[in-house]
Amino acid sequence: MDELRDLYQATILDHNRKPRNFRVLEGADLHADGHNPLCGDQLTVYLELEGERVKDVAFQGTGCAISVASASLMTDFVQGKSLDEVESKFEDFHEMVTSEPDSPVQTPDIGKLAVFSGVREFPMRVKCATLAWHTLRAALQQDGSTAKTE
Amino acid sequence: MSGRAELDVAAIRKDFPILEREIRGKPLVYLDSAASAQKPRAVLEAIQNFYANAYANIHRGVYQLSAEATALYESGRDRVQGFIGAADRREIVFVRNATEAINLVARTFGETQFKSGDEILITALEHHANIVPWQMLGGRRGTKLKVVPVDDRGELDLQAYEALLGERTKLVALTHVSNAIGTILPLKKMIALAKAKGIPVLVDGAQAAPHTRVDVQDLGCDFYAFSGHKLFGPSGIGVLYGRLPLLQAMPPFLGGGDMIETVSFEKTTYAEPPNRFEAGTPDIAGVVGLEAAIDYVEGVGIDAIEAWEQSLLAKADAALTEIDGLRIIGRARDKAAVLSFVLEGIHAHDVGTALDQAGVAVRVGHHCAQPLMTRFGVPATVRASFSLYNTPAEIDVLVAALRETRELFG
Ligand SMILES: Cc1ncc(COP(=O)(O)O)c(C=O)c1O
């Protein structure tokens, strides 16, 4: 069960049980729906901007522990960050969860999001970890499309 | 059921090389045969032997090797005919899988027989393979889809079925066994009701053929579809059974070689069934493998397989019911060895990952039956399905892994 505990670290289990920023953001400037057809995960991410910065962010939806915890931790993490920073952190995060299982673990400067490093051992679950981020990006592009993990 | 048949599971397990595999350091516990079954050595060897010793294209060469390959392919047809009790070998059409078989009927029979406002009656238990082709047909022809509901146990509402069989019903398309929750339909009775009104019936037999005796004449259906890969055969080969007069009246599905009588640039005349529906070079080795798979199943005995699986189902049902917070979805009284369940507060995908860690392979998700999941108010379930090579000890592994999963997610 060791790899399993690496995947489902206490922080992830905690955020799954008690997701943060889990609400509809009244007066959001932007929002987008995300859907992972494989798991049936379904999220909506809401954003309020102030210039090129995230003023507030929230989400709602249902999904597996990885996707819910990822959305919860992401919303905590991007709070107050500039849009450029959000984009570059997504890239770091993405690289971490998709790196080769045997390569040395890169822990980029992504704070608590590092708890998702175990995901790379479970390629089937990468989409769960990245759904919230894809949805956030779709909201920023505000093209009204549904973010898909495919 | 003969009921006296015995099954030597230890000997059977030795026939399946993959069961020696370890997954994440644990012996593989394969509980996903409803998605696809593992292959016995006899099937692997038949395919290998065919390619090594008798391979050529069929129906084309005058040379001996092609004649041998053709004979093997056509003897596969005879074997399938006997296996499902068809009256005529020409009623067996080889396709890729059950999905293609159903699409073939929608594209040929449906396209020529149905008009706007006609109804196709399906059930709430259907796999997407027996929903989407009819919706696509509706888009082209204006036909409507009607759905027979299920009750909370997952049994079909037969009164509603009778009421829905109406003037406008032009086809009944039913699954034999639900892949998602295991319900076995009272097919014979349902088919008789439809036939009494002159309505043709298509049966999606993908989940039935590996586990129960199928006799298409006794059932009285007009079409019966199944896939080789769930029957311990290779992937890429499937069967459409169609009653001969219906097949003879149907236009071709795909056009090309092997399905014609004569071709000129002005006019082509089509071959008789089954060749009319088998355009191009078919999955010749697939048919050889399927024949070996049927030999294997009949060697073990389909009644013995069914009895063994039912004993596993009973044990698993009792053991899983004991687990706190576990809810079994679908409790039909007549049920195949499929157990769908949810663990309260834990998403099915997390359960699937945790079980995989214990070497247990189960299917998680909507099982290509989203409308049925909606009916039961769950986005996804965990599904354990049992086959002839599964053992009571494997159920113990499943149960222990589920208890650990509950602990982890607390
Ligand atoms: C009831 C049922 N129908 C149809 C299918 C489709 O089978 P295939 O994917 O082999 O075409 C399946 C397979 O999952 C099934 O369980």
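Q: What covers the buried residues of H2(B)?
A: In this predicted model, helix H2 of chain B runs over residues 41-53. Its buried residues are B:Val43, B:Ala46 and B:Phe50. They cover an arc of only 60° around the axis, so they sit on the same side of H2(B). The cover over them includes two helices of chain B, H3 (64-84) and H10 (284-300).

Q: Which residues are exposed on the other side of H2(B)?
A: The buried residues of this helix are B:Val43, B:Ala46 and B:Phe50. Turn to the other side of H2(B) and you find the exposed residues B:Tyr51, B:Ala52 and B:Asn53.

Q: How far does H2(B) reach from its first C-alpha to its last?
A: H2(B) has 13 residues, and the span is expected at 1.5 Å a residue. The expected value is 18 Å, and the helix comes close to it, with a reach of 18 Å.

Q: How far apart are the end C-alpha atoms of H14(B)?
A: Let's do the same check on another helix. H14(B) has 18 residues, which at 1.5 Å a residue should span 26 Å. The model agrees with that expectation, because the end C-alpha atoms are apart by 26 Å.

Q: Why do the buried residues of H14(B) count as being on the same side?
A: The buried set in H14(B) is B:Glu394, B:Ile395, B:Leu398, B:Ala401, B:Leu402, B:Thr405 and B:Phe409. What places them on the same side of H14(B) is the arc they cover around the axis, only 125°.

Q: Which residues of H14(B) are exposed on the other side?
A: The buried residues of this helix include B:Leu398 and B:Leu402. On the other side of H14(B), the exposed ones are B:Pro392, B:Ala393, B:Ala400 and B:Glu407.

Q: Which element gives the largest share of the side of chain B that touches chain A?
A: The contact takes 13 residues from chain B and 16 residues from chain A. On the chain B side, the elements that give two or more residues are helix H12 (348-357) and helix H14 (392-409). The largest share is 5 residues, and it comes from H12(B).

Q: How many charged residues does the side of chain B that touches chain A have?
A: Chain B gives 13 residues to the contact. By class, 5 are nonpolar and 6 are polar, while the charged residues number 2.

Q: Which residues come nearest to the ligand?
A: There are 14 residues around the ligand. By class, this shell has 4 nonpolar, 9 polar and 1 charged residues. Those that come nearest are B:Asn97, B:Thr99, B:Asn179, B:Ala206 and B:Ser227.

Q: What is the radius of gyration of chain B?
A: Chain B has 14 helices and 17 strands. For its 410 residues the globule rule gives 22 Å, and the chain is close to that, so it is as compact as a globular protein of that length. The radius of gyration of chain B is 22 Å.

Q: What percentage of the residues of chain A count as buried?
A: Chain A has 5 helices and 4 strands, in the order α-α-β-β-β-α-α-α-β along the sequence. Its radius of gyration of 14 Å is close to the 15 Å that the globule rule gives for 150 residues, so chain A is as compact as a globular protein of that length. Of those 150 residues, the share that count as buried is 45%.

How values were computed:
Residues are numbered from 1 along each chain as its sequence is written. Chains are lettered from A and ligands numbered from 1 in the order in which they are written. This is a predicted model: local features need pLDDT of at least 70, side-chain atom pairs count only at pLDDT 80 or more; totals for chains, interfaces and linings use all residues. The radius of gyration is taken over C-alpha atoms; the globule rule is 2.2 Å times the number of residues to the power 0.38. Two residues are in contact if their C-beta atoms, placed from the backbone, lie within 7 Å. Ala, Val, Leu, Ile, Met, Phe, Trp, Tyr, Cys and Pro count as nonpolar, Asp, Glu, Lys and Arg as charged, and the others, Gly among them, as polar. A residue is near a molecule or strand if its C-beta atom, placed from the backbone, lies within 6 Å of it. The expected span of a helix is 1.5 Å times one less than its number of residues. A residue is buried if 20 or more other C-beta atoms lie within 10 Å of its own, exposed if 12 or fewer, and partly exposed in between; C-beta atoms are placed from the backbone. The arc is that of the directions from the helix axis to the C-beta atoms.
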